[in-house]
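Visitor: I have a structure open and would like to talk it through with you. Could you take my questions as they come?

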2 protein chains.
Amino acid sequence: MRDFSNDHRWLSINTATVRRQRGEPWPLPQILDACAARGIRAVAPWRDQVAAAGLAATARQLRALDLELSGYCRGGMFTYADATARQALRDDNRRALDEACTLGAPCLVLVVGGLPRGLAGHPAHKDIAAARAQVTEGVAWLLDEARTRRMPLAIEPLHPMYAADRACINTLAQALDLCDALDPAAGGALGVAVDLYHVWWDPLLAAMIERAGRARLLAFHVCDWLLPTRDLLEDRGMMGDGIIDIRAVRALVEAQGYAGCSEVEIFSALDWWRRDGGEVLDTCIERHRRCV
Amino acid sequence: MRDFSNDHRWLSINTATVRRQRGEPWPLPQILDACAARGIRAVAPWRDQVAAAGLAATARQLRALDLELSGYCRGGMFTYADATARQALRDDNRRALDEACTLGAPCLVLVVGGLPRGLAGHPAHKDIAAARAQVTEGVAWLLDEARTRRMPLAIEPLHPMYAADRACINTLAQALDLCDALDPAAGGALGVAVDLYHVWWDPLLAAMIERAGRARLLAFHVCDWLLPTRDLLEDRGMMGDGIIDIRAVRALVEAQGYAGCSEVEIFSALDWWRRDGGEVLDTCIERHRRCV
């Protein structure tokens, strides 16, 4: 297992972690500069942040700063209530793929969508099995597009508390079943993003990491689960502040040959988004060395 | 599948649903009277409510009102940080069993506990596998005590968002594995409580209900999952107000021969606990007919 205690070569910052600090959006160009100034070598930007900064300009800045990507956030949202929505999501996913290619991402991360939105944003129905069938259809379609561009897709199972509104793929077993069905050769085109926040509780976690193996392990995201958790979406913890045995899971992932980044992704309206962005990045570095 | 649209013979009220109304505890004797006055035939009381009303008095009142129990809440909390805590939880579970017998409960519902509490209420460690091993040990021990008293135990898998602090049994598959390990004969001594709030998202839900079969299906709890959910613990929805396809799951359970109650258990500090208790009960009856 790699020793992270003395350097942060394998730390990546998911840029949502410092998306808005003290009420103000922190623009992506400044985030990238602040990362590079601290010797952080990798990031995972979000599409809206890239759009605000400009795709070509972001690609240039990444090259100039010698910053790698650990992933691109995000494609997916494959569930739909009508043909218009289906066409729109396909167009949007094609654009996400193209952006990932322009930025040199190692993979496009997929958050697959929950129950489809109907009128006024309400779920169009309650049939989660039907939503899951649309996800299978959507990933199958996108995989063809992705293969053409040689862009790997990383399905991210989301915590079951997001099953209705964000992603109806909720366990690694489910994600790997989908991978095996659509990409039986496991040649690297389709895999999973293991985000500890979503999967730490899973009694099958160790078994599913082993099942995934090197070929399917495309990304590894870290943060922590706080007690108490005060908000379902925006109360993630900094590594070390919660109850996830982060290092134990990293050991499992590395035992399969995973040698990539630990990507810090923290949504924290109640704490870290209220602080200075530089302080957050410094804390990520320190905790990555001590707790990841 | 039974038709509930014209009567509520198979409605049970978990008394936490009306535990405190408009800031004041609603005493159990009044809850029981209010249920009986509405033709509700079953309840599932909590231990603290029974303790406040008196065990013998509660048993007498239940008989006088001809109210059945659909379960008794609750035993469990099997994880411990030291020998003192272990002894205390065993003593407490013995008392819970005895109370369940006195009240004539069909089963004692088990919420198994999360990471053990250490100093100042903080988790004593982050090893959820160790916590799960203590749960196995605890259920095995309690099962012997329960067999002596002929009191069935119903393991309730809790939603993964409670894995750290309330229950580290988080899926029906996990609960059924435990049942099969400790009670391979499936003679009725050990089973599961299927609470829709906790399991609705599970991609294996239908398969696990079938696997459970009649012998393991000891209780069926209903409420709804709200969008958005504003609190992890106390923002459960009234049936029909959320996204769970309740009737579809009841069909699965009844297809296995389950013919017991649908027990309404709603923790709702943000809505239903703020209303008059009678209004809540009336709504439970109406929604049970229309949505369950």
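Visitor: In which sense do strand 1 and strand 4 of chain A pair, and over how many bridges?
Guide: Strand 1 (residues 11-14) and strand 4 (residues 42-44) of chain A pair in the parallel sense over three bridges, where two strands pair if DSSP finds at least two bridges between them, and strands (E, at least two residues) are DSSP runs numbered from the N terminus, as are helices (H or I, at least four). Please keep in mind that this is a predicted model, in which local features need pLDDT of at least 70 and side-chain atom pairs count only at pLDDT 80 or more, while totals for chains, interfaces and linings use all residues. Residues are numbered from 1 along each chain as its sequence is written, and chains are lettered from A and ligands numbered from 1 in the order in which they are written.

Visitor: And what is the bridge partner of N14(A) in strand 4 of chain A?
Guide: The partner of N14(A) there is A44(A).

Visitor: What order do the strands of the open sheet in chain A follow?
Guide: Nine strands form that open sheet in the order 5-4-1-11-10-9-8-7-6, with parallel pairing. Strand 5 (68-69) and strand 6 (72-76) of chain A stand at the edges with a single partner strand each, so one side of each is left without a neighbour in the sheet.

Visitor: Switching to helix 9 of chain A, which of its residues are buried?
Guide: In helix 9 (residues 246-255) of chain A, the buried residues are I246(A), V249(A), R250(A), L252(A) and V253(A); a residue is buried if 20 or more other C-beta atoms, placed from the backbone, lie within 10 Å of its own, exposed if 12 or fewer, and partly exposed in between. Seen down the axis of helix 9 of chain A, they fall within an arc of 155 degrees (taken from the directions from the helix axis to the C-beta atoms), so they line one face of the helix.

Visitor: What comes after helix 9 of chain A?
Guide: Helix 9 of chain A is followed by G257(A), which has a positive phi, near 100 degrees.

Visitor: How many residues of chain A are in contact with chain B?
Guide: On chain A, 22 residues are in contact with 22 residues of chain B, contact meaning that the C-beta atoms, placed from the backbone, lie within 7 Å.

Visitor: Last one: is R147(A) buried or partly exposed?
Guide: R147(A), which lies in helix 5 (residues 128-149) of chain A, counts as partly exposed because it has 15 C-beta neighbours inside 10 Å.

Methods: Contact = placed C-beta atoms within 7 Å.
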